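Trainee: I have a new model open and would like to learn how to read it. Could we go through it together?

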Amino acid sequence: MEEHAVVAAARAGAESMFLPFLAMFGSVYLVGLFIVFRGWGPRRRAEAASCFTSLFHGTPAALLALRAVLSRYHTAAGSSTTGDSSPLALLVAPNATAEDLVLDFSTAYFAVDLAHYLLFLPDEVLFIAHHLATLYVLATCRHAVGAGAPALLPLVVLAEATSAAQNAWTLAGMRRDDSPLASRVYAALSLPFYAVYTAARAALGPAWFVRMVRFFYATSGGGGPVPVWAWVSWTVVIGAGIALSILWVGNLWLAYFRERKESKQLKSSKQQ
């Protein structure tokens, strides 16, 4: 318990970039809401501004997280003669500065997007719950625990790797009924987006999640830097998020094949 307190205190004293990132994402959202999508209807405009803000978060977050992950493993490889470079020690190690930067970056984004849902789309209960859960994991890892980011950031890479495609697909889908170009973009993006999302969220993500939980469990008995309450709650929250992602993309696949079947039946009936 003392080790956990020392790590958390050290993290609390570290320089945080949360407020600058919060101001940045808040500004991006307002630009999207009042300038870029000002001609759209009220609900569509708010949803589009959220997608616009996500474009400034998703890919940069994936790249920042990947950089932090590679830096961590490069450092571990350079000190392979010490016991600290073992996989267990690596995944539960105290957060490095680059890892804290990613946590601050994503925490600020999700805080802004949560405010967006609470103000403009309070009926989107699932998204609000998702953002609250994500903020819990990010904030506790950054401030309450100060460790475990090496295990969590690979999930950030996988989660945000498809963000740009998802936002483009979502924006196109919002206008596909009144714009031929948007309809073509939506149709062109659907299949590759579903495939990549499935690979990242339904295959690679769960595989890493299982490995992460196994390592947390293996180290919890030794009083490592990640306390039991933290990794158990992270397991519940992240596991639920993965399950919902699989359910979401599964429904998209069902709708996709249903539409293809209906389209083929329509063409067949016209030819007869």
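Predicted model: local features only at pLDDT ≥ 70, side-chain atom pairs only at ≥ 80, totals over all residues.

Trainee: How many helices and strands does the secondary structure come to?

Mentor: The protein chain has 11 helices and 0 strands. Among contacts between residues at least 6 apart in sequence, 78% join residues at least 24 apart.

Trainee: How do the axes of α8 and α10 cross?

Mentor: For a pair of helices, look at the distance between the axes and the angle. Here α8 (residues 149-160) and α10 (residues 180-220) have axes that come within 10 Å and cross at roughly 175°. Angles over 145 degrees count as roughly antiparallel, so α8 is roughly antiparallel to α10.

Trainee: Which residues make that contact?

Mentor: From α8 they include P150, L152, L155 and L158, and from α10 they include R201, L204, W208 and F216. By class, the contact has 13 nonpolar, 1 polar and 1 charged residues.

Trainee: Which residues does UniProt list for "transmembrane region"?

Mentor: The unreviewed UniProt entry lists residues 17-37, 185-209 and 229-257. You can then compare such a record with the model. Residues 185-209 are 100% helix, with end C-alpha atoms 33 Å apart. Residues 229-257 are also 100% helix, and their end C-alpha atoms lie 42 Å apart.

Notes:
Residues numbered from 1 in each chain as written. Heavy atoms only, no water. Axes fitted to C-alpha atoms, helices over the stretch in contact; angles between N-to-C directions. Helix = DSSP H or I, 4+ residues; strand = E, 2+ residues; numbered from the N terminus. Parallel < 35°, antiparallel > 145°, perpendicular 65-115°, else oblique. Contact = heavy atoms within 4.5 Å. Nonpolar A, V, L, I, M, F, W, Y, C, P; charged D, E, K, R; others polar. UniProt positions renumbered as here; feature names shortened; annotations may be inferred.
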